[in-house]
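This report goes through a few local features of one protein chain, taking them element by element. The sequence and structure are shown first.

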Amino acid sequence: KNDRGDVDGAIADLNRAIELNPKFVLAYCNRSSSKETKGDLDGALADCNRAAELDPTCALAYVNRGLVKRKKGDLDGSLAECNRAIELDPKCAHAYIIRSPAKMFKGDLAGAIADYTRALELVPYNCSVYSNRGTVYFMQHNWTNALADFRRCGELNPRWQDLSQLSIWLTRTRLGEKGAATKELAAYLEKRWKGARNNWDDWRIKIAAFLLDKTSESDLISAAASPDIMKGRQQLCEGWYYAGMKRLLADDKATAANCFRKCETTKAVEFMEYHLAQAELKALAAK
């Protein structure tokens, strides 16, 4: 139910499981994940704590607690929880996946890449890990490795291709291949328009159209609005980041920096674009 988006239904089932067995560790772990998805971080943390009390050797309890602490802004606490999970289970891929962003947010890009690489040794077909590692490579200006990871992500899961194609366009353009990058993205966009998923309201399709000069910056930012506060914040974060990147790639550094600062004001710290924008601001300030 959780994976299908019925988070309330998942929590209801887990509540019933805990009523039947108040010492069911996995039920607390899973319920913490569902609560975290709903944004109930305090409730998620309480469930993690209870799971760890019932079974101090349960690596998943510490991983989940690491995720919640990271989302609450406690990066050092998040790292400590993930470290403990790895001590208990060195093959817990999820612990490396959760620890990686905490390292990245603290500026340890090499450590983040090492964790993502270890995770891929354990779960070699995880498309999100390729996407995230590619993003960290992008922050390092390691365009070749970033491009390889973005391509691998899209190959593994068609549902990730929209994001992968946007990242590929940015990376190839940074490599000096803007013409080829634009041709590739345009071909992909045309295929999407003709396919079953044809939908002009799709947010990432709007970003692609913006990169291809088919829609304006103001229209893109207007399209980011959503009645769902969290979704709207995420989309505005992405919108300002891509607006900034397009300006930067056109050598309009002053306007690019302004866009990146607007991306920062969304405070969407859990989204990669927020940290990408910060990295670009640091790079601009260093020049």
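The model is predicted. In it, the buried residues of α8 are covered by a set of elements that includes α6 (93-105), α7, α9 (143-156), α10 (161-174), α14 (229-249) and α16 (272-286). Helix α8 is mostly covered, with 12 of its 13 residues buried. Those buried residues are C127, V129, Y130, S131, N132, R133, G134, T135, V136, Y137, F138 and M139.

Helix α8 takes in residues 127-139. Its 13 residues, at 1.5 Å a residue, should span 18 Å, and the end C-alpha atoms lie 19 Å apart, so the two values agree. After α8 comes H141, which has a positive phi, near 65°.

## D115 in helix α7

One of the elements covering α8 is α7. This helix runs over residues 109-122 and contains D115. D115 counts as buried because its relative accessibility is 3%, where the cut-off for buried is under 20%.

The side chain of D115 makes a polar contact of 2.7 Å with the side chain of R99. Apart from neighbours within four places in sequence, the residues in contact with D115 are Y96, R99, S100 and K103.

## The second largest pocket

The second largest pocket holds about 200 Å³ of space. Its lining consists of M104, F105, G107, L109, M139, H275, Q278, A279 and K282. Two elements, α6 and α16, each give two or more residues to this lining. The most comes from α16, which gives four residues.

Sorted by class, the lining of this pocket has five nonpolar, three polar and one charged residues. M139 belongs to this lining and is also among the buried residues of α8.

## Helix α5

Which elements do the buried residues of α5 pack against? They pack against α4 (59-71) and α6. The buried residues of α5 are L75, G77, S78, L79, E81, C82, A85 and I86. One of them, G77, is also involved at the start of the helix, where a side-chain oxygen of D74 comes to within 2.8 Å of the backbone nitrogen of G77.

Helix α5 covers residues 75-88.

Conventions. Residues numbered from 1 in each chain as written. Predicted model: local features only at pLDDT ≥ 70, side-chain atom pairs only at ≥ 80, totals over all residues. Heavy atoms only, no water. Buried < 20%, exposed > 50% of the residue type's maximum accessible area, 1.4 Å probe, protein only. Polar contact = N/O pair within 3.5 Å; in protein donor to acceptor, adjacent residues only side chain to side chain. Contact = heavy atoms within 4.5 Å. Expected span 1.5 Å × (residues − 1). 1 Å grid on protein atoms, 1.4 Å probe; cavity = no way out; pocket = protein on both sides within 12 Å on 5 of 7 lines; lining within 4 Å. Points joined across faces, edges and corners; volume = space filled by probe spheres on them. Nonpolar A, V, L, I, M, F, W, Y, C, P; charged D, E, K, R; others polar.
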